[in-house]
Amino acid sequence: MQMQAAILNEANTPFSIETVELEAPRTGEVLIKMAAAGVCHSDWHVVEGLSYFPMPIICGHEGAGIVEEIGEGVTRVSPGNHVTLSFRANCGSCFYCQNSKPNLCEVYTPVLRSGLLKDGSSRISRNGEAVHIMTGLGCFAEYVVIPEDACVPVRQDVPLEVAALVGCAVSTGVGAAIYTADVRPGQSVAVYGAGGVGLNIIMGAVMCGADPIIAVDTNSSKMEIAREFGATHTLYSDDTTVGQIQDLTAGRGADHVFESVGLTSLQETAFDATRPGGTLTLVGLTPVGSGTNLPGSVITRTEKVIRGSFYGSVLPQRDFPMFLDLYRNGKLMLDELVTRRYGLSEINEAYQDMLTGEVARGIIVF
């Protein structure tokens, strides 16, 4: 079948809306009509050439849609199901999946960097040439063919644009607070970056009973938004920020500090804002090949803990439906997270708005 997709042909060039051919799903695969896809900074890393994928490629890793067709052997979903897509498909049986770490699945990890599906091929072509897909999904297209392992059925009484957010921003942010860092009631939290992921970290900290919750950003327009999502204090990020965080935490620094932007310099600053014995959780993805300079002697003497958080340490089949239940019960502010909606043809505008900080989360609506 033919469909429209946003293709990145080369790094540092705009997305191009083009017609491509999509094959039918094979064994274990599912055809999904896309309803919504989130505009996330991780895709922009691919545009900038800072996250390496083969090209041409269809980006987009945060999405939701409706199942149209299933391949042989598919049992998890049926046509008509609403599904949120997981950019970390997992096999369910490898060492990491069996130890509650499906985000580290050793079967799918190398596959998702290849830009292809598990059998080493692509279901999408343009003039006979294979087109790659980001993280096994490629959500910036009218349809996707993906593994059953990447599909999570969700309740049908929530907007699909909200269900899409659960596929990345919500899981990455809320999960980082409640699962990776295991924030406890009464602990202090500082969040560097009040974008889509940072706001979800704040919501996760609220759910954990943290106090105070300090949001840090360079965009003053995000300060009010951060307070709406649960921050008790907002600080402009500059040379005085660490001292201000210490002032708000009895002179020690925060129990938990989260860096959600993906800047090495900001990770280093966030380390300084962490109290001795506290935990720094790195959520933002820095450019491939970059390095963060953290002082080993200080880590040893202060017993600070540095943790990585990938996909919020979530279990998609368990947590995606739970997050949407929390949304329906008024515990997660996901409607408020969507600042602006775009058509697929407006994708380049959507990313410019993201870069200027004009949106909390933009959504491509099909």
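Colleague: Tyrosine 311: buried or exposed?

Modeller: Buried. This is a predicted model, by the way. The relative accessibility of tyrosine 311 is 2%, and the cut-off for buried is under 20%, so the residue counts as buried.

Colleague: Where is tyrosine 311 found?

Modeller: In the loop between β17 (305–308) and α10.

Colleague: Switching to helices. At what angle do the axes of α4 and α10 cross?

Modeller: Roughly 95 degrees. The axes come within 10 Å. An angle from 65 to 115 counts as roughly perpendicular, so that is the label for α4 and α10.

Colleague: Which residues meet there?

Modeller: From α4, the list includes Val162, Val166, Val170 and Ile178. From α10, it includes Phe320, Met322, Phe323 and Leu324. By class, the contact has twelve nonpolar, two polar and two charged residues.

Colleague: Which residues touch the most other members in the largest nonpolar core?

Modeller: Ile32, Phe140, Phe258 and Leu334. That core has 109 residues. Helix α4 gives the most to it, with twelve residues. There is also a second, separate core of 15 residues, and Tyr192 and Phe271 are among them.

Colleague: Zooming out, how many helices and strands?

Modeller: Eleven helices and 19 strands. The radius of gyration is 20 Å, close to the 21 Å that the globule rule gives for 366 residues, so the protein is as compact as a globular protein of that length. Buried residues make up 56% of the 366.

Colleague: Last topic. Which peptide bonds are cis?

Modeller: One is from methionine 55 to proline 56, with omega near 5 degrees. Another is from aspartate 211 to proline 212, with omega near -5 degrees. Proline 56 lies in the loop between α1 and β4. Proline 212 is in the loop between α5 (196–208) and β13 (213–217).

Note on methods
Residues numbered from 1 in each chain as written. Predicted model: local features only at pLDDT ≥ 70, side-chain atom pairs only at ≥ 80, totals over all residues. Heavy atoms only, no water. Core = buried A, V, L, I, M, F, W, Y, C linked by side-chain atoms within 4.5 Å. Buried < 20%, exposed > 50% of the residue type's maximum accessible area, 1.4 Å probe, protein only. Helix = DSSP H or I, 4+ residues; strand = E, 2+ residues; numbered from the N terminus. Axes fitted to C-alpha atoms, helices over the stretch in contact; angles between N-to-C directions. Parallel < 35°, antiparallel > 145°, perpendicular 65-115°, else oblique. Contact = heavy atoms within 4.5 Å. Nonpolar A, V, L, I, M, F, W, Y, C, P; charged D, E, K, R; others polar. Rg over C-alpha atoms; globule rule 2.2 N^0.38 Å.
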